Amino acid sequence: MVPQIPEKIQWFAMRVTYRRELKAKKNLDAEGIENYIPMRWSSRIRHGRKVRELVPVVRGLVFVRTVLSDIQRVKQKMPYLQYIVDRRSGAKIVVPEDQMKLFIAVTGTYDDKLLWFGEDEVNLAAGTRVRIVAGEFEGYEGIFLKVKGARDKRVVIAIEGVIAVALATISPELIEVI
């Protein structure tokens, strides 16, 4: 008998169709599968009243942390849940654990000053790799560059091929080049 190699728990970048992110989250939670949807505060008019509610930053984006066999089993029940694949290689996009922890720590604050970008909107190669040495984001690493919609340079945390987020303005003396 051949010994089985245990599957590795990974973060999969996934899409859902027709704005079903929260439905997918509810179903994944019910299955006991860890997941994350980047959210932000938004003001909307509901029944004639202005309400502030958390909404997904990017429609259709869900990160799922599990083993491949579990996600394949769950996909049978949720056909609207699809892998995001790398355009060049065709491989499923898997986000490294430490990179996902950093992304969740930054985006989980729901900070209004965060700027969000799609995968092709930021040229990370034009920036400098830095570490924040003080302040609320101390210890975080990212790319320091000028981004569209901001007057000054910002530290950008990116999940390659999926999404990028630029932090609030950070004073240059609070960062060090890696």
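**Salt bridges in a predicted model**

Colleague: With which residue does R73 form a salt bridge, and how far apart are the closest N and O atoms?

Modeller: In this structure R73 pairs with E31, and their closest N and O atoms are 2.9 Å apart. R73 belongs to helix α2 (residues 68–77) and E31 to the loop between α1 and β2 (34–36), so the pair ties together parts that are 42 residues apart in sequence. Please bear in mind that this is a predicted model. As a general idea, side chains of opposite charge can pair when their charged atoms come close.

Colleague: Which residues are linked with R73 in a network of salt bridges?

Modeller: The network links R73 with E31, D70 and K77.

Colleague: What surrounds V74 in this part of the model?

Modeller: V74 is located in helix α2. With a relative accessible area of 1%, V74 is buried. Apart from neighbours within four places in sequence, V74 is in contact with L28, E31 and I33. The C-alpha atoms of V74 and E31 are separated by 8.1 Å, although these residues stand 43 residues apart along the chain.

Colleague: How many salt bridges does a search of the whole structure find?

Modeller: The search finds 15 salt bridges. One of these is formed by the side chains of E21 and R59, at 3.3 Å from N to O. E21 lies in helix α1 (residues 21–30), while R59 lies in the loop between β4 (49–56) and β5 (61–66), so this pair ties together parts that are 38 residues apart in sequence.

Colleague: How should I read the accessibility of E21 and R59?

Modeller: Each partner is read separately. E21 has 1% relative accessibility and therefore counts as buried, whereas R59, at 33%, counts as partly exposed.

Colleague: Which residue meets E34 in a salt bridge?

Modeller: The side chain of E34 meets that of R65, with an N to O distance of 3.2 Å. E34 is in strand β2 and R65 in strand β5, so the pair ties together parts that are 31 residues apart in sequence. E34 has a relative accessible area of 39% and is partly exposed; R65, at 25% relative accessibility, also counts as partly exposed.

How values were computed
Residues are numbered from 1 along each chain as its sequence is written. This is a predicted model: local features need pLDDT of at least 70, side-chain atom pairs count only at pLDDT 80 or more; totals for chains, interfaces and linings use all residues. Side-chain values use heavy atoms; hydrogens and water are left out. A salt bridge is a side-chain nitrogen of Lys or Arg within 4 Å of a carboxyl oxygen of Asp or Glu. Helices (H or I, at least four residues) and strands (E, at least two) are DSSP runs, numbered from the N terminus. Buried means under 20% relative accessible area, exposed over 50%, partly exposed in between (1.4 Å probe, protein chains only). Contact means heavy atoms within 4.5 Å.
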